Amino acid sequence: MGIEENRNAGQNGVFGSDSSEFQLGSKNKYKRMKSEVTEEEEEDGSFSKENRDTRKYVFACAILASLNSVLLGYDVGVMSGAILFIQEDLKITDVQQELLVGILSIISLLGSLAGGKTSDSIGRKWTIAFAAFIFQTGAAVMAFAPSYEVLMIGRLLAGIGIGFGVMIAPVYIAEISPSVARGSLTSFPEIFINLGILLGYISNYAFSGLPVHISWRVMLGVGIIPSVFLGFALFVIPESPRWLVMQNRIEEARIVLIKTNDSEKEVEERLAEIQLAAAGMANAENNEAKAIWREILNPSPPALRMLITGCGIQCFQQITGIDATVYYSPTIFKNAGIKGNTQLLAATVIVGLTKTVFILVAIFLIDKVGRKPLLYVSTIGMTTCLLGLSLALAFLGNGKLGIGLAILAVCGNVAFFSVGIGPVCWVLSSEIFPLRLRAQASALGAVGSRVSSGVITMSFLSVSRAITVAGTFFVFAVISALSVAFVHTCVPETKGKSLEEIEMVFHHEGEWQGSEVEMGDAQRLMQKE
């Protein structure tokens, strides 16, 4: 779709009308209910064409903004296999291996903390570009590293870039998306993380036959390729309209909203909502950052509820052990009885494919059935699979049955993760915070996620040696069971609400803890699937 087509679509009134349908795929339709379409518009087909053009534009922006997530996913996937060859080539110890794998998640908190302020200063769009540049610098250093020390320097740079990327992509997409499709579009970064993981696993398998000294360098170096596409993306995606309003660039914000919303009427409504939300910020520009962090560190009851929900779901996403499963899947399968690096890496490809397929399922369901039913299905399913993996490794290891059950349990765990808590976590964290807190609070949630991931990945091998791999996954199963209770108690339904309406939910404790969806809705969803 050309730039001229986008401009024409914006001038003619994009997304058509509020009674039209926003589609992501042929089976998923989202209905708009505020304005009407005249029979004449329907007959001449112009309304339908404008609708399609705008859908394509928003869809393309969400995809391009999510390219940073491919870099994160690829790094996670490729390191699970590359570490086998790095260990053999550089003769590193288990502790050095844990440090190399886990430090990326820990150091990324620096990027996430800086990401909020950076995105408020230079804009969401250019923060995405900055994240990609830092990550690619780190990837290049790792690919040409002559020693473990230089490899760690590259890993630190990559971690900072990832910290920026995981914080800003969901925020950007949430701010450009119409309410009716925000859940699906904000899940795109999670899709691309999973795609990147799958590509990393495939890269491991494809290059495993090369000499040890070369194989891991090629595996890591291939991750630089997505930056080329990200460079082109910067010429296509617009700046966030909410950030433009914060900079008092109202007309530019209106132009972006025209391209991403249904009608002129809705554009003006959305613009008025954003201006109202941003109104209190202009009077305290000098003390803004301090005031925001003061409100986060000493929150009001509504802000505290938001922080509990946003940061809590981010931490539960990681402490249930998903990154340990992904990073150390070769170790898990070796413990189950699979022999040989090629066979181990082939098994991880199956895991990556499963993870990618089921994230697509979540995208089609998240705005249709809501966030909370998916979270129920996800957390209950993960608990079951983690317990099954623990029992398989403890009692059925080194046999065909044990290997089969271990692969099935790992695939089931990543499938349930991808259909629920994986994407929904990022959707919620980008939806629930008010405009004045959104960037910093989202950054804080991303920090919680990365620190949790780092603690898990940096301790997995040591804990497994102490209580066995089976025992470690039993602990993950217990934590996953606690996440079910957290979802039931602390996560409200946000489907179909504007960002401003969601903010009001947290002002009433009954609405926050009282759910619009009960366990029965999750059971009906399981029956549909």
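**Notebook: salt bridges and cores**

I use buried for under 20% relative accessible area, exposed for over 50%, and partly exposed for in between, with a 1.4 Å probe and protein chains only. The model is predicted: local features need pLDDT of at least 70, side-chain atom pairs count only at pLDDT 80 or more, and totals for chains, interfaces and linings use all residues. Residues are numbered from 1 along each chain as its sequence is written, and side-chain values use heavy atoms, with hydrogens and water left out.

**Salt bridges**

I took a salt bridge as a side-chain nitrogen of Lys or Arg within 4 Å of a carboxyl oxygen of Asp or Glu. I found seven of them in the structure.

E252 pairs with R249, with 2.8 Å between the closest N and O atoms. R249 is at 33% relative accessibility and therefore counts as partly exposed. I also noted a network in which D120, R124 and E175 are joined by salt bridges that share partners.

I then checked R155, which bridges to D75 with its closest N and O atoms 2.6 Å apart. This pair links distant parts of the chain, since R155 lies in helix α7 (residues 148-176) and D75 in helix α4 (residues 67-90), 80 residues apart. Helices here are DSSP runs of H or I with at least four residues, numbered from the N terminus. Both R155 and D75 are buried.

R465 bridges to D94, the closest N and O atoms being 3.1 Å apart. R465 is in helix α23 and D94 in helix α5 (residues 94-122), 371 residues apart in the chain. D94 has a relative accessible area of 33%, so I list D94 as partly exposed.

**Cores**

I took a nonpolar core as a set of buried Ala, Val, Leu, Ile, Met, Phe, Trp, Tyr and Cys residues joined through side-chain atoms within 4.5 Å. The largest has 123 residues, and I86, L151, L393, F460 and F473 have the most contacts inside it. Helix α23 (residues 435-490) contributes the most to this core, 16 residues.

A separate second core holds 14 residues, including W243, M246, I258 and I274.

I looked up what L151 touches (heavy atoms within 4.5 Å). Leaving out residues up to four places away in sequence, I listed I86, L90, L100, M142, A145, W216 and L220.

**V427**

V427 sits in helix α22 (residues 421-431). V427 counts as buried because its relative accessibility is 0%. V427 and P189 are 238 residues apart in sequence, and their C-alpha atoms are 9.7 Å apart.

Key:
Helices (H or I, at least four residues) and strands (E, at least two) are DSSP runs, numbered from the N terminus.
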